[in-house]
Amino acid sequence: MQSSDFGNDFLWGVATAAAQIEGAANDYGKGPSIWDTFSKRTGKIKKGHQPTLACDFYHRYLEDIALVKTLGFKVFRFSIAWARIFPLGHGSINPEGVAFYHRVIDECLMQDLVPMVTLYHWDLPEALSKEGGWTAFGINSWFNEYVTFCAKEYGDKVKQWIVINEPFGFTSLGYMLGVHAPGQTGVNNFFDAALHTAIAQADGAKILRAEVSSAVIGTAFSCSEVVPYTQSAQDLLAAKRTDALMNRFFFEPVLGLGFPTSDWEVLEKFAISHSTWRHQERMKFDFDFIGLQNYFPLVIRYNAFIPILQAWEAKAKNRKVPHTAMGWEINADSFYRIIKQFASYPQVKSIMVTENGAAFHDKVIDGKIDDRERIEYFEAYLSAMLKAKNEGINITGYLAWTLMDNFEWAEGYQARFGLVHNDFKTQQRTIKQSGYWWQQFLSK
Ligand code: NOJ
């Protein structure tokens, strides 16, 4: 397998996110984000790590964009920190923040890289969180103000856009389970946040369509094949509920299908209590591509003790199957199947894999960062993707997660997903063997 097997127009890139790499969290006029405040709460982030400095990308973006180029990628995906543009979330603008993203974009263009911008990658301005954040009715107009500004400001230079990164990820972890920022809990918070997010996803896309000529617009979903632990009726139903929540919940509304209510009465009750049918048209958008992000399959068992979902994950470790340092099952066939699942909807025009990658306990051998497990991971996952592509699925690109080791949310700096090692004490970057593997792969 070589990269040219995917065709000459295939977009190969790396993905990053502002809060995970930028640092300069309190500098140059930026307002605090929910991750800045959440990470100060005791016990929320492993080892008490904070994203204040992260990879110091704010000061080192030239070196880092040069690395993207050196590794041979065409696309650099990064996100805009909303609070760097609007320190209070809306209203007055921070010119230094606006200028920073111009510098990043200009450098990509100078290096002949395609800049791909994610508008929302989980770092809500803290000021908006105080007003209720994603649960607040006002969020849709604040978000639209922010998107309109970015589209007008950067739309001449940026054509590739992702509106929202993993809506299920941040609404469930941040508003239901409380393990991500802003640390809220409860199913009501989750459903309020979910409805506003589903609306924002399509609103943002419509704004981009209106403001940016020849924009290529996508939005990115967390996608995990859901497999029942046994063929018992209870496990089958538990798997079905999990699939409705984790894969279909945010995806089907953009296709115009509304929320997937028929397979689970809890979702039906949500739809009734929030009159979601009133928003069905507004949540719909004909996206140019669907961003598919896959890290693991989920094996699901019925469990009566789990409130509401009544389902529980049978962890990879306990099933004794290969897994990453995060405990996530390595299973390239499952990647193939989830691509097929998302592509099976006739409304989907094309799929771009906007994130895929793995954290491992990288070793230093003979002065090199020997991460052969990561190389094997990419070899297996790319050939699974090629199989899907060769069967006729319109896959337009693949972005590896991620350029360099970074702030992995609640896992802090311990989980290393990078193709480039980062020494967080010195900020020294060292290309891992997997980075060199990519360089080779992309040269053919
Ligand atoms: C998906 C998220 O978008 C990204 O921010 C995160 O680091 C990766 N998953 C790995 O957990």
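This is a predicted model: local features need pLDDT of at least 70, side-chain atom pairs count only at pLDDT 80 or more; totals for chains, interfaces and linings use all residues.

I started with Arg77, which is buried at a relative accessible area of 0%.

Next I looked for its partner. Arg77 makes a salt bridge with Glu355, and the closest N and O atoms sit 3.7 Å apart. Glu355 is in strand S10 (residues 351-355) and Arg77 in strand S2 (residues 75-79), so I noted a link between distant parts of the chain, 278 residues apart. Glu355 has 5% relative accessibility, so it counts as buried too, the cut-off being under 20%.

Asp203 is buried at 8% relative accessibility, whereas Arg282 is partly exposed at 36%.

I also checked Lys315 and Glu313, a salt bridge at 3.4 Å, N to O. Lys315 is partly exposed at 42%, and Glu313 is partly exposed at 25%. Elsewhere, shared partners tie Asp362, Asp371, Arg374, Asp405, Arg416 and Lys432 into one salt-bridge network. My search of the whole structure gave 25 salt bridges.

Last entry: helix packing. H14 (residues 332-343) and H15 (residues 372-390) pack at about 35°, axes 8 Å apart. H14 passes H15 in a right-handed crossing. Which kinds of residues make up the contact of H14 with H15? I got 9 nonpolar, no polar and 1 charged. Among those in contact are Phe335 and Ile339 from H14, with Met385 and Lys387 from H15.

Terms used:
Residues are numbered from 1 along each chain as its sequence is written. Side-chain values use heavy atoms; hydrogens and water are left out. Axes are lines fitted to C-alpha atoms, for helices over the stretch in contact, and angles run from 0 to 180 degrees between N-to-C directions. Helices (H or I, at least four residues) and strands (E, at least two) are DSSP runs, numbered from the N terminus. A crossing is left-handed if the near helix is turned anticlockwise from the far one by less than a right angle, and right-handed if clockwise. Contact means heavy atoms within 4.5 Å. Ala, Val, Leu, Ile, Met, Phe, Trp, Tyr, Cys and Pro count as nonpolar, Asp, Glu, Lys and Arg as charged, and the others, Gly among them, as polar. A salt bridge is a side-chain nitrogen of Lys or Arg within 4 Å of a carboxyl oxygen of Asp or Glu. Buried means under 20% relative accessible area, exposed over 50%, partly exposed in between (1.4 Å probe, protein chains only).
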